[in-house]
Amino acid sequence: MNWSALESLLSGVNKYSTVFGRVWLSMVFVFRVMVFVVAAQRVWGDESKDFVCNTRQPGCTTVCYDSIFPISHIRLWALQLIFVTCPSLMVVAHVKFREQKDSRYTAQHEGHHLYANPGKKRGGLWWTYLLSLIFKAGFDAAFLYILYRIYHGYDMPRLSKCSLEPCPNTVDCFISRPTEKKIFTIFMVVSSAVCVLMCVCEMVYLVGKRVQKALRVRAANERLLFADRHEVTSIAPPRSQYAVEPPALAGSRLSLADKKAMTPSTLSSSTRKQRSASTML
């Protein structure tokens, strides 16, 4: 299996993924694909060759091996990795479709673009990305359940008893290196569970951002609607009415007002007083 080709194909998903998606992809290739290629295949290489039962009955060992190992761990994990990584190709295919659609629109409308950024998770691409996360988490959880049901847990027993035909009686069968295989099995199970958790966290992150954005838009619309329904009126008069005049100008205006307020009768009385005073002198 050419895992390098799959890695190069899925490396483009990092451009459209969130932080959780990048961590998920790194975990898949570092803790699952690398461990699978480098170590796990060698550990299960002697799976059937070193499987021994305490009988020489022809066909008994083969039947017991098939009963204890209905499907090889290696082949099950390879199938799991293929199913888990394929949903990411949905996002890449959707982005490529957007780019082609945008190029056709640009050619027909004189340089105008249909999408400002074809890789932006909006509209249908957001739903495609969310659907890919659901598929990835679902496939990982389904394969973990299948492994648990087939092998009755994640343990690797040292001794297995088999009484199937053509075995003459109940025979004891022994698995080679059961402790090492148990360690690798638990490691792959834990890494799969962490990948499921990362997918769930990314789904919560995407939905939370979408809800937060919708709430912000709703609050802005409510503010605009409130402003339209309630016109703002000025309660206090403008500041120009309270302009402070200079003291000299105020005094001059006051003197002019006093002069205008003086009547001819007051002027005649004042002149009489001045004449009487002069006669007395």
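**Note on pockets, cavities and helix packing**

1. The second largest pocket has a volume of about 200 Å³. The structure is a predicted model, and the remarks below apply to that model. Lining this pocket are Ser67, Ile68, Phe69, Ile150, Tyr151, His152, Gly153, Asp155, Met156, Pro157, Ser160 and Ile175. By class, the lining consists of 7 nonpolar, 4 polar and 1 charged residues. Two helices, H3 (60-68) and H6 (124-151), each contribute at least two residues to the lining of the second largest pocket.

2. His152 belongs to the lining of the second largest pocket and sits in the loop between H6 and S2. Its backbone deserves a look: His152 is not a glycine, yet its phi is positive, at about 55 degrees. Most residues other than glycine have a negative phi, and most peptide bonds are trans.

3. Pro166 is placed in the loop that runs between strand S2 (159-162) and strand S3 (171-174).

4. How many cavities of 30 Å³ or more does a search of the whole structure find? The search gives 2. The second largest cavity has a volume of about 50 Å³. Helix H4 (73-85), H6 and helix H7 (178-229) are the elements that give two or more residues to the lining of this second largest cavity. The lining is made up of Trp77, Gln80, Phe143, Leu144, Leu147, Met188, Val189 and Ser192. Of these residues, 6 are nonpolar and 2 are polar, with no charged residue.

5. On helix packing in general: two packed helices are described by the angle between their axes and the distance between the axes. For H4 and H6, the axes come within 9 Å and cross at roughly 165 degrees. Because of that angle, H4 is roughly antiparallel to H6. H4 passes H6 in a right-handed crossing. On the H4 side the contact is made by His73, Leu76, Trp77, Leu79, Gln80, Phe83 and Val84, and on the H6 side by Lys136, Phe139, Asp140, Phe143, Leu147 and Tyr151. By class, the contact of H4 with H6 has 9 nonpolar, 2 polar and 2 charged residues. Trp77, Gln80, Phe143 and Leu147 take part in this contact and are also among the residues that line the second largest cavity. Tyr151 of H6, another contact residue, is one of the residues lining the second largest pocket.

6. H6 also packs against helix H5 (residues 87-108), where the axes come within 8 Å and cross at roughly 165 degrees. H5 and H6 are therefore roughly antiparallel to each other, and their crossing is right-handed. The residues of H5 that meet H6 are Pro87, Ser88, Met90, Val91, His94, Val95 and Arg98. Their counterparts in H6 are Gly124, Leu125, Thr128, Tyr129, Leu131, Ser132, Phe135, Lys136 and Phe139. The contact of H5 with H6 divides into 9 nonpolar, 5 polar and 2 charged residues. Lys136 and Phe139 of H6 meet H5 and are also among the H6 residues in contact with H4.

7. The crossing of H2 and H4 is left-handed. In H2 the contact involves Trp24, Val28, Arg32, Val33, Phe36, Ala40 and Gln41, which meet Ile74, Trp77, Ala78, Gln80, Leu81, Val84 and Thr85 in H4. The class count for the contact of H2 with H4 is 10 nonpolar, 3 polar and 1 charged. Trp77, Gln80 and Val84 of H4 meet H2 and also belong to the H4 side of the contact with H6.

Conventions:
Residues numbered from 1 in each chain as written. Predicted model: local features only at pLDDT ≥ 70, side-chain atom pairs only at ≥ 80, totals over all residues. Heavy atoms only, no water. 1 Å grid on protein atoms, 1.4 Å probe; cavity = no way out; pocket = protein on both sides within 12 Å on 5 of 7 lines; lining within 4 Å. Points joined across faces, edges and corners; volume = space filled by probe spheres on them. Helix = DSSP H or I, 4+ residues; strand = E, 2+ residues; numbered from the N terminus. Nonpolar A, V, L, I, M, F, W, Y, C, P; charged D, E, K, R; others polar. Axes fitted to C-alpha atoms, helices over the stretch in contact; angles between N-to-C directions. Parallel < 35°, antiparallel > 145°, perpendicular 65-115°, else oblique. Left-handed = near helix turned anticlockwise from the far one by under 90°. Contact = heavy atoms within 4.5 Å.
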